[in-house]
Amino acid sequence: MLMDRGVLVRWNDEKGFGFIQPEKNAAQDVFIHISVLKKMARKPIVGDSILYQTEVQNDGKRKAVIASIEGVAVIAASATPRSHSHVQSRNENFNFNNKNKAHYHSPRKSSFNTIIPLLIIVAIVIFGFKQYQEFNEAPAIDEVPVLTNEDIERMPMYETKSRTQATATPSFQCEAGKTHCSHMSSCAEATFYIQHCPNTQMDGDNDGIPCERQWCS
């Protein structure tokens with residue numbers, strides 16, 4: 001169907017109606033109500049170019065029954081509810097899935113959060129028990145034995161050393177007539193004689209070492 005074109009010359013935004021001045025047959029303005037423009041993206045304003053179809057009322061005046069604002073997008077009435085319903089459905093499904101996931105993971109997460117503190121407590125108890133055992137097994141300072149000189153002398157090491165010294169220093173005694181190296185049986189005996197017996201003749205150079213050629217070389 002052919003559409004007429006005109007310019008919106010008057011508009012009452014509060015009451016929602018106005019008048020179109022046709023490009024053709026401009027002798028009579030055309031009445032237009034907001035209800036025929038409800039699919040438009042915005043409300044009409046004075047100066048808009050309007051495409052319309054009319055019918056004649058009982059009083060002889062013309063009224064726009066189908067109209068659109070030229071250059072303004074048309075919004076389908078059914079698009080909004082479907083879109084809203086689709087988005088709402090997706091949101092409900094998303095919330096439902098999230099609740100199921102939360103319900104599924106909740107026991108596992110709760111158990112995991114309970115096990116960790118228990119493991120920490122057990123580790124602390126074991127560590128403390130080991131420290132307590134080591135403390136009890138350690139000897140007290142007052143119980144450490146104190147060695148005396150008598151204890152040291154009784155030790156096998158000291159006894160061996162004493163015996164060695166006694167063996168290394170044989171018992172000699174001065175005998176009459178034993179004054180020369182030929183009378184001696186060892187360097188130890190010759191040394192004993194020059195240190196303790198009179199009239200010995202075994203240290204010609206007086207260096208304290210007797211019988212250097214025979215025994216103490």
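Trainee: How are the residues numbered, and which pLDDT do local features need?
Mentor: Residues are numbered from 1 along each chain as its sequence is written, and side-chain values use heavy atoms, with hydrogens and water left out. In this predicted model totals for chains, interfaces and linings use all residues, side-chain atom pairs count only at pLDDT 80 or more, and local features need pLDDT of at least 70.

Trainee: How are the planes of F172 and F192 set: stacked, edge-to-face or tilted?
Mentor: Rings of Phe, Tyr and Trp (its six-membered ring) pair if their centres lie within 6.5 Å, with planes under 30 degrees apart counted as stacked, over 60 as edge-to-face and the rest as tilted; the count comes to five aromatic pairs. The ring centres of F172 and F192 are 5.7 Å apart and their planes stand at 40 degrees, so this pair is tilted.

Trainee: Is F192 buried or exposed?
Mentor: Buried means under 20% relative accessible area, exposed over 50% and partly exposed in between (1.4 Å probe, protein chains only). F172 has a relative accessible area of 24% and is partly exposed, whereas F192, with a relative accessible area of 18%, is buried.

Trainee: Which residues do ring pairs link into a cluster?
Mentor: The model has five aromatic pairs by the ring rule. Ring pairs link into a cluster the residues F17, F19 and F31.
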